[in-house]
Amino acid sequence: MQYISNSWQEKLKSEFEKSYCKELMLQVEKEYQSTVCYPPKELIFNAFNLCSFKDIRVVIIGQDPYHGFGQANGLCFSVNDGITFPPSLINIFKEIEHDLTIPFPKSGNLDRWARQGVLLLNATLTVRESEAGSHQKKGWEEFTDAVIKKISDEKEDVVFLLWGGFAKKKGSKIDRNKHLILETGHPSPLSANRGFWFGNKHFSATNSFLKSKNFKEIEW
């Protein structure tokens, strides 16, 4: 794939060669040619390109990209500079503010996290405009399962943040004896307002774990 970094191409070479993945890439290519899709084509693998395999310290798993104009940039929960923060992202920043007393940020672009070793991985990497979940069950889920298993198998002491039922299901691909898994409700208002998000302290817990392993803490 011309849009994924060489380090990841090497790690995922066998996956890209599988028939399901070849078919997926053809379907995605056709979708982008025939309709408006997000994120922009060159940013589909942005999460990988901003966070190399060797640098991964944390993995956050989302569901699929934002489907509104100008929002998605290939990183889960992240939006481009100048875009109004979606409700889930607002709740993420509120929890960070409460957990670490870090001021609410001006930008919702989480590339600053990715460059520190946080893989911001959506389970489905593309979506049609204004059609949430429109590219689900086409092969992306199998691909991202393989990514998660590759990380679990070949690395140690990675923190996986699983927010909501969808992300928690991905946890079956992770070796819990090698990695730290933190689970809580989804940051969406529906979940957060029912008491399943706020107070989880995942951000301080992540940094405490990284520090205990002599890794650099994340500047959230």
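**Backbone exceptions, a helix crossing and a buried asparagine**

Asparagine 214 is exposed, with a relative accessible area of 73% (exposed means over 50% relative accessible area, buried under 20% and partly exposed in between, with a 1.4 Å probe and protein chains only). The structure is a predicted model, in which local features need pLDDT of at least 70 and side-chain atom pairs count only at pLDDT 80 or more, while totals for chains, interfaces and linings use all residues. Residues are numbered from 1 along each chain as its sequence is written, and side-chain values use heavy atoms, with hydrogens and water left out.

Asparagine 214 has a positive phi of about 65° although it is not a glycine, and it lies in the segment after α9 (202-212) (helices are DSSP runs of H or I with at least four residues, strands are runs of E with at least two, and both are numbered from the N terminus). A positive phi, of about 50°, is also found at threonine 101, which is not a glycine either. Threonine 101 is placed in the loop between α4 (87-100) and α5 (111-114), and this residue is exposed, with a relative accessible area of 67%. A further backbone feature is the cis peptide bond that joins tyrosine 38 and proline 39, with omega at about -5°; proline 39 is located in the loop between β1 (37-38) and α3 (46-50).

Helix α2 (residues 19-34) and helix α6 (residues 140-154) have axes that come within 9 Å and cross at roughly 125°, where axes are lines fitted to C-alpha atoms, for helices over the stretch in contact, and angles run from 0 to 180 degrees between N-to-C directions. That makes α2 oblique to α6, since angles under 35 degrees count as roughly parallel, over 145 as roughly antiparallel, 65 to 115 as roughly perpendicular and the rest as oblique. The contact (heavy atoms within 4.5 Å) is made by Tyr20, Cys21, Leu24, Met25 and Val28 of α2 together with Trp140, Glu142 and Phe143 of α6.

Asparagine 91 is placed in helix α4 and, at 7% relative accessibility, counts as buried. Apart from its neighbours within four places in sequence, asparagine 91 is in contact with Pro187, Ser188, Pro189, Ala192, Trp197 and Phe198. The side chain of asparagine 91 reaches the backbone oxygen of proline 187 at 2.8 Å. The C-alpha atoms of asparagine 91 and threonine 184, which are 93 residues apart along the chain, are separated by 13 Å.

Key: Polar contact = N/O pair within 3.5 Å; in protein donor to acceptor, adjacent residues only side chain to side chain.
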